[in-house]
Amino acid sequence: MPYLTAPPGAAPAATGSGRLGLGSPGYAHPLVAPVEWAELTRPGTPLHWAVLNVSDGPGRRPDPHCTGAAGKLAGAGGTVLGHLALRDGSRSFGELVSDAHRFLDWYQVGGFYLDRAPADRSELAAVRRVVDTLRGLGDGLHIVLGHGTHPYPGYVETADQLVTFSGGWADYRWSQVAEWTSEHPPERFCHFVHGVPRTHLEEALRIARWQGAGTIWFTDRAAGSDPWAGMPAYWDEIVSRIGPGVSE
C-alpha cells in the first residue's frame, strides 16, 4: 500500500462535490481517435474535463475536426481544456498567451491545461503571472497545472487543480503523498497513471481516494509512445465504477 500522510480525522475519499471523476490528459487527434472522443460525450460518463492538443498547442490554423470534437463535447456538458506547453518554464510569456487566444478564438475552450509546469518555488511567480493573465481572458476558465509531481505548496493557490502524479503503475502503487495536500479538498488534485492492469484497477482507485485525488486518468496502455492517446481497454468498467450513483 502507498505511504499516506493525513491528519487525524481527515476524510480520505473524494465524495460529494469532490466525487472522483475523469480527466483526459490528451487523446489523439479526433481524426485518428473519433471513437475515443465520442465516448467522452456518452451520457453518464463521469468526465471532469478533456485536454485538446492539436499540435503541441492550438496549431497554425483552425482544424475543423478539432472544432467539431470540442463543440460536441461542450454541447454534451463537458469542459475542453486547451493544451499549453510550458516545457518546464522554457516557453515565453508571449507565446503562451498567443496560444491561449487561438484556443479561445478557434475552439471556445473552457480553460487550459499547462503541460510540464515547473514545480520549484523559484518558478512560482512566473507561473502565477501566466495563470493570472489566462484568467483575465474569460470568465470561469478552469486552469490545471500539469506538474506530474508534488510541487512547492504555493502552487495550489495559483490554479484550480494540480497534477501531482503522472507516471507508471509500478511507481504509483508505492507512491507517497505530500503531507500539505491533506489541507486541501480532493478536487484540487489529479493523478494520471499508465500501465494499470485490469486486475489492479480497484487498488488504483483506492490509492487515488486515500491520497486525496479528485480527478484521475488510469489506463492499461504502456508508456511506449503516448499512453494517453487512447482509451483504456477497461473503459466501460472504470466508467461504471466511478460514474453517477456509485457510492464511494
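Visitor: What makes β2 count as mostly covered?
Guide: Five of the six residues of β2 are buried, where buried means under 20% relative accessible area, exposed means over 50%, and partly exposed lies in between (1.4 Å probe, protein chains only). The model is a predicted one, in which local features need pLDDT of at least 70, side-chain atom pairs count only at pLDDT 80 or more, and totals for chains, interfaces and linings use all residues. Residues are numbered from 1 along each chain as its sequence is written, and side-chain values use heavy atoms, leaving out hydrogens and water.

Visitor: Which other strand is described as mostly covered, and on what count?
Guide: Strand β6, residues 161-168, has seven of its eight residues buried. Strands here are DSSP runs of E with at least two residues, helices are runs of H or I with at least four, and both are numbered from the N terminus.

Visitor: How do you know that β1 and β2 pair?
Guide: Strands pair if DSSP finds at least two bridges between them. Three bridges join β1 (residues 21-24) to β2 (residues 47-52), and the two run parallel; L22 stands opposite L47 in β2. Strands of a sheet pair through backbone hydrogen bonds, either parallel or antiparallel.

Visitor: What joins β6 to its neighbours β5 and β7?
Guide: Two bridges link β5 to β6, in parallel, and L145 has L162 as its bridge partner in β6. With β7 (residues 189-194), β6 pairs in the parallel sense over six bridges. F165 stands opposite H191 in β7.

Visitor: What do the paired strands form as a whole?
Guide: They make a closed barrel of eight strands with parallel pairing, in the order β1-β2-β3-β4-β5-β6-β7-β8. From one strand to the next, the twist averages 25°.

Visitor: Where does helix α2 lie, and at what angle to β2?
Guide: Helix α2 (residues 64-75) lies across β2 and β3 (80-85), running at about 170° to β2. Angles run from 0 to 180 degrees between N-to-C directions, with axes fitted to C-alpha atoms, for helices over the stretch in contact. Helix α4 (residues 124-135) packs on the sheet and touches β3, β4 (111-115) and β5 (142-146), its direction making about 155° with that of β5. Contact means heavy atoms within 4.5 Å.

Visitor: Why are α3 and α4 described by the word they get for their directions?
Guide: Helix α3 (residues 93-107) packs on α4 at an angle of about 25°, with the axes 11 Å apart. Angles under 35 degrees count as roughly parallel, over 145 as roughly antiparallel, 65 to 115 as roughly perpendicular, and the rest as oblique. The two helices are therefore roughly parallel to each other.

Visitor: Why is α6 placed as it is relative to α7?
Guide: The helices α6 and α7 pack at an angle of about 40°, with axes 11 Å apart. That makes α6 oblique to α7. The crossing of α6 with α7 is right-handed. L201, E202, L205 and R209 in α6 meet E237, I238, R241 and I242 in α7, a contact with four nonpolar, no polar and four charged residues.

Visitor: What makes α6 mostly covered?
Guide: Seven of the ten residues of α6 are buried; among them are E203, A204 and I207. The cover over the buried residues of α6 includes α5 (169-172), β7, β8 (215-218) and α7 (235-242).

Visitor: Why is P197 put in its accessibility class?
Guide: P197 counts as partly exposed because its relative accessibility is 31%. The residue sits in the loop between β7 and α6 (201-210), and P197 touches W169 and Y234, not counting residues up to four places away in sequence.

Definitions and conventions: A crossing is left-handed if the near helix is turned anticlockwise from the far one by less than a right angle, and right-handed if clockwise. Ala, Val, Leu, Ile, Met, Phe, Trp, Tyr, Cys and Pro count as nonpolar, Asp, Glu, Lys and Arg as charged, and the others, Gly among them, as polar.
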